[in-house]
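Visitor: I have the model open and would like to go through some of its local features. Could we begin with the pockets?

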Amino acid sequence: MSETNSGSWKTKVRGLLGTKEFYRKVLAIAFPIALQSLITIGVNMMDTVMLGTLGEVALSSSALANQFISIYHICCMGIGMGASVMVSRFYGMGDMHSLKKTITIMLRFCIGFGLIFTLATAFFPSQIMRIYTPEADVIKGGTSYFIWSIPTYLLLGLSLDISLALRSIGKAKVPLICSIISFTSNIFFNWVFIFGKLGAPRMEIAGAALGTLIARAIECTAILIYFLKIDKKIQYRVRDLFMKVKDLVPEYVKISLPVLISDAMMALGNSVIAIIMGHIGSAFVSANSITTVTQQLTTVLTQGISQAGCIVTGHTLGRGDAEQAQRDGYTFITFGFLLGLAACIIILIIAEPVVGMYNITPDTHIIAMQLMDGVAINVIFQSTNSILTKGVLRGGGDTRFLMVADVIFLWVASVPLGMLTGLVLHLPAFWIYLSMKVDQIIKCFWCIGRLRSRKWIKAIKGTA
């Protein structure tokens, strides 16, 4: 190889890997987000471990009940991440008036969706559980979990969406601190109410829901106090919730509605997949809940990088530097692939010890190990495409394209293949899982092509 070719190759590699300044900026945002995600996963893991000691019925009941709650969680993520695209762009432009209007629209959507889910859970808890499983004991346990979860929706939604707004202006540490408070509260109150400690009644699965509710209330109170009383950048106040935002609604709808539809349809698709799992049997549901926690633990940094990608891209484009945003995009996907590969190796190493922690039957143990293998392969593709779909391309405002990709590949590929392999062919758990996640593989290659086309950079207009 000639010196010229060698130098050109090294330049390309350095371009893909990025600069020190790039990593300093990205990791300053990503690490607090990743740590907050780790704490959230830790809460879910403690719920799983504590309830796992009570048997598979309690574990399956809470897992399926949380599938419905997660629909609202993902809807709020859609509302908040859609707003985050605009907030980060307006912050880069210095348009604080439009930024505040965007937050107002976001909070109105969040509260509206929260009320819908609250009423549905309050009036139809057992009917919702019957959608997920035909097993009477699991329905009864899930209904008990729902009753104590009714007030959780609004608390969860407000905490999540305000956190996303703060992250979009670089204030990632504040939501992290609030999550640490929530984490410690959740573990303590779960221990008290699940097992009846310190004189409290032994509530078992209902105790897990109550512990989570108390922790959500503490977290929401803390973040509201900071956002409404202490923050000096946005300076948002309760009266701003009633400000006129009509002039920005069309732009918000254009950017944010595809994100909401995309995430809502993905939530519904994931819920259908949970229904498929529920009809395969409680052993499959229990095994999946174990592997889900493991996957989340090994991809927390990827989630942080994804959100950092959206924020950094928004700030860069807000300053008008499209070429830098394109270069950063290639660095992000390289980083995503390497993170996915590392996560794959970690999952394969820890699979046996993690599954061995749980009090499960031998059949469930075998299913869990097969699912771990599927998770390890899938995480490589999921890591790469999530940094593009939830990060760079979303930060560029290309939300309509992403909506189409998310909806089509999930509903045309993953859901039908999951039904075929799980309910018709009854294949081993490994193949069922990969069939359910095939959309992640397809999107990986689809979105790399979109990045290369440069069509993902969209203009966003403010009102200032």
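Visitor: What is the volume of the second largest pocket?

Guide: The second largest pocket has a volume of about 160 Å³. This is a predicted model, in which local features need pLDDT of at least 70 and side-chain atom pairs count only at pLDDT 80 or more, while totals for chains, interfaces and linings use all residues. Residues are numbered from 1 along each chain as its sequence is written, and side-chain values use heavy atoms, with hydrogens and water left out.

Visitor: How are a pocket and its volume defined?

Guide: On a 1 Å grid over the protein atoms alone, a pocket is an open set of points with protein on both sides within 12 Å along at least five of seven lines, whereas a cavity is a set of points where a 1.4 Å probe fits but cannot get out; lining residues have an atom within 4 Å of a point. Grid points are joined across faces, edges and corners, and the volume is the space filled by probe spheres set on the points.

Visitor: Which elements give two or more residues to that lining?

Guide: Helix H2 (20-52) and helix H12 (300-318) do so; helices are DSSP runs of H or I with at least four residues, numbered from the N terminus. H2 supplies the largest share, five residues. The lining residues include Arg24, Lys25, Pro32, Gly170, His315 and Arg319.

Visitor: Changing topic: how many aromatic pairs are there?

Guide: The count comes to 14 aromatic pairs. Rings of Phe, Tyr and Trp (its six-membered ring) pair if their centres lie within 6.5 Å, and planes under 30 degrees apart count as stacked, over 60 as edge-to-face and the rest as tilted. In one of them, Phe68 and Phe146 have ring centres 5.8 Å apart and planes at 85°, so this pair is edge-to-face.

Visitor: Where do Phe68 and Phe146 lie in the chain?

Guide: Phe68 is in helix H3 (residues 56-93) and Phe146 in helix H6 (residues 136-149), so the pair links parts of the chain 78 residues apart. Phe68 is buried at 12% relative accessibility, and Phe146 is buried at 0%; buried means under 20% relative accessible area, exposed over 50% and partly exposed in between, with a 1.4 Å probe and protein chains only. Together with Tyr72, Phe117 and Tyr153, these two residues form one aromatic cluster.

Visitor: Why is the pair of Phe227 and Tyr236 stacked?

Guide: Their ring centres are 5.3 Å apart and their planes lie at 25°, so the pair is stacked. Both Phe227 and Tyr236 are buried.

Visitor: And how many disulfides are there?

Guide: The count is zero, a disulfide being a pair of cysteine sulfur atoms within 2.5 Å. The sulfur of Cys344 is 14 Å from the closest cysteine sulfur, in Cys444, too far for a bond. For Cys447, the nearest cysteine sulfur, again that of Cys444, is 8.2 Å away. Cys344 is buried at 11% relative accessible area, and Cys447 is buried at 0%.

Visitor: Which residues does Leu393 contact?

Guide: Neighbours within four places in sequence aside, the contacts of Leu393 include Leu402, Cys447, Arg450 and Trp456, where contact means heavy atoms within 4.5 Å. Leu393 is in helix H14 (residues 362-395) and is buried at 0% relative accessibility.
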